[in-house]
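Biologist: Before we start, could you take me through how features of a model such as this are read, with the general idea ahead of each case?

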Amino acid sequence: MKYDSQLFKLKKNDRIADGIYSWVVENDNLPGLARCGQFANVKVEGKTLRRPISICDADDNSLRLVFQVKGEGTEIMSKMKPGEEVEILAPLGHGFDIQKDKKYCLIGGGIGVPPMLFTAKQCDNPLVITGFRTKDLVILQDDFKAAGAETVLTTDDGSDGIHGFVTDVLKEKLGEIDEVCACGPIPMLRAIADICRGKVRCQVSLEERMGCGIGACLVCACKTKPKDGEEFMSQVCRHGPVYDAEEVFFDE
Amino acid sequence: MSDLSVKICGVEFGNPLIAASGTFGFGREFAEFYPLSVLGGISCKGITLKPREGNPPPRIAETEGGILNAVGLQNPGVDHFIEKDLPWLKEQNTRIIANIAGNTQEDYCAMAEKLSDSDVDFVELNISCPNVKSGGVQFGTSCESVGAITDAVKRHCKKPLMVKLSPNVTDIAEIAKSAEYNGADVISMINTLTGMRIDINSKRPIIRNNTGGLSGAAVFPVAVRMIWQVYNAVKIPIVGMGGVSKWQDAVEMLMAGASALQIGTVLFNDPYAPVKINEGISKFMDENGIKNISDITGTVIPW
Ligand SMILES: Cc1cc2nc3c(=O)[nH]c(=O)nc-3n(C[C@H](O)[C@H](O)[C@H](O)COP(=O)(O)OP(=O)(O)OC[C@H]3O[C@@H](n4cnc5c(N)ncnc54)[C@H](O)[C@@H]3O)c2cc1C
Ligand SMILES: Cc1cc2nc3c(=O)[nH]c(=O)nc-3n(C[C@H](O)[C@H](O)[C@H](O)COP(=O)(O)O)c2cc1C
Ligand code: FES
């Protein structure tokens, strides 16, 4: 893989829900076509570390990144204006493995939803289950529909869609699908992995605090056990962020 | 045209910038950005006699102007390094420094012996890693222990020996003198300063190891001060590091007394930093009529 950190032009910065922003950034020399599940490492003025953000959508010369304001870095990003330049290292990591002619169920929880949009675009008629805490945080439902997905929305408090968890829906639909791809909080991923175990293949996208973003500094460790391999400390930025759920030890 | 090359213990580096241990792995990832020959050298990830898994995550936290890390010396072991990484590294047209850490004096000596028969250009003795329970730093915090380990390793090491000092000490000049007296060929400094960050919502330290090593721009003035003190105390060359982020920092650290530099944390922000810093140094030299890097070393005029 060839890496390049390049200047992108911020084309759009829209607030799409409470504290959640959608960027479109453009660069005519995108170093490689992104795969779904990969991420971008965004340089933020005044910060030592870059901010890893999943690729929500991509084409030949643009990336869409959807992020939630958490701390100072994402706050600065949320205030940037279209026309400004931003340096981004992308695409990084190992994305979802999507195969033709399979029925996919894509599951996103909270700010884990964005990467599932680009993933949905690679699948034929996927079922997309998204879960949010409350209606003010619901994002990307129209985008999923436009991508041809069947969508099921859940909220923890019942303020929009089904009152309940994504796992309740998954259990009902398990018979109709071939594979699951999921991104979201660890307890959600663990529950999904438990439901899928022995029935359907499940891939999960993990988060870990990062330094270099390319596999050199070993700070983004995750204990994994590859099929037929030895247990080892893998790097989420390089071996992940997407793993086969059976490879991962979900301890917090 | 200014000449960026530097010679340390008779070994020529194409330019004064060396990748700092632990921030650059064994070079393969950064080689996807540029030929590694843009660097004068690479100090490889710290290796131990046997492979190590390292600490559980999170291993990094950000702080104003820097980061804390506690990787805990995750590495594949010295034999793997010599067999699998070194042959490739030697083809990259840059100098290779093996950074070694151990639990016991015997570990260090055994590794030095193995590396003596390999193609590495230097052995860097890491007696300053703050992130592992036993090993590393306890060898690096008193004159006696630094002297003893330097002396022992020197007897087993046919390569020029670089001793990497910890800044977590009261009098770094005394420690440097002890390393020099006991056979160190070069001093490299500084390793990270022990620090801590706490998440005020969970009351948990951000790093799983609770504490971690501080690096990046925040430590730069501390590093400059310590390098200057050591420069005034020893005759052997110093490879300086700690927070170098731009070419001005590089020149400043050379003036304090460094003969060459290592850069680490800045690479996470800007992988192209070595290219940019070298360009800046070169321009500075041209504008000031400086022919060699060594003509900058130690030129500070203290009050
Ligand atoms: C592979 C990957 C993909 C991600 N995709 C998205 C996405 O699509 N949308 C989105 O909103 N968020 C995403 N995140 C989380 C996002 O990186 C963090 O929310 C963000 O870095 C927080 O930065 P901050 O400065 O606002 O917070 P601060 O807490 O001030 O950040 C301090 C440091 O901690 C790091 N950090 C804090 N929280 C996280 C976290 N959860 N994961 C990794 N590093 C963290 C920051 O990068 C920074 O280095 C992703 C994380 C990873 C690892
Ligand atoms: C993620 C990380 C890992 C490190 N690992 C090592 C190591 O294995 N051995 C070592 O001697 N120093 C290690 N260091 C310390 C650096 O080599 C260097 O001394 C320090 O980071 C200061 O330089 P900087 O501010 O340019 O990063 C590590 C630093 C970081 C940030
Ligand atoms: S962030 Fe450096 S190895 Fe993953």
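Modeller: A:Glu231 is partly exposed, with a relative accessible area of 41%, where buried means under 20% relative accessible area, exposed over 50%, and partly exposed in between (1.4 Å probe, protein chains only). This is a predicted model, in which local features need pLDDT of at least 70 and side-chain atom pairs count only at pLDDT 80 or more, while totals for chains, interfaces and linings use all residues. Residues are numbered from 1 along each chain as its sequence is written, chains are lettered from A and ligands numbered from 1 in the order in which they are written, and side-chain values use heavy atoms, with hydrogens and water left out.

Biologist: With which residue does A:Glu231 form a salt bridge?

Modeller: Side chains of opposite charge can pair when their charged atoms come close. A salt bridge here is a side-chain nitrogen of Lys or Arg within 4 Å of a carboxyl oxygen of Asp or Glu. The partner of A:Glu231 is A:Lys223, with the closest N and O atoms 3.4 Å apart, and A:Lys223 is partly exposed at 27% relative accessibility.

Biologist: Which parts of chain A does the pair of A:Asp57 and A:Lys121 tie together?

Modeller: In this salt bridge the closest N and O atoms are 2.6 Å apart. A:Asp57 lies in strand 5 (residues 57-58) and A:Lys121 in the loop between helix 2 (114-120) and strand 9 (127-132) of chain A, so the pair ties together parts 64 residues apart in sequence. Helices (H or I, at least four residues) and strands (E, at least two) are DSSP runs, numbered from the N terminus. A:Asp57 is buried at 14%, whereas A:Lys121 is partly exposed at 43%.

Biologist: How many salt bridges are counted between chain A and chain B?

Modeller: The count is two, and the side chains of B:Glu62 and A:Arg51 meet in a salt bridge (2.7 Å, N to O).

Biologist: What area is buried between chain A and chain B?

Modeller: The size of an interface is often given as the accessible area lost when the parts come together. Here about 2700 Å² is buried, of which carbon and sulfur atoms give 54%, the area being what two parts lose on being put together, summed over both (1.4 Å probe). On the chain A side, A:Thr48, A:Arg209 and A:Met233 lose the most area to chain B, together 22% of what that side buries.
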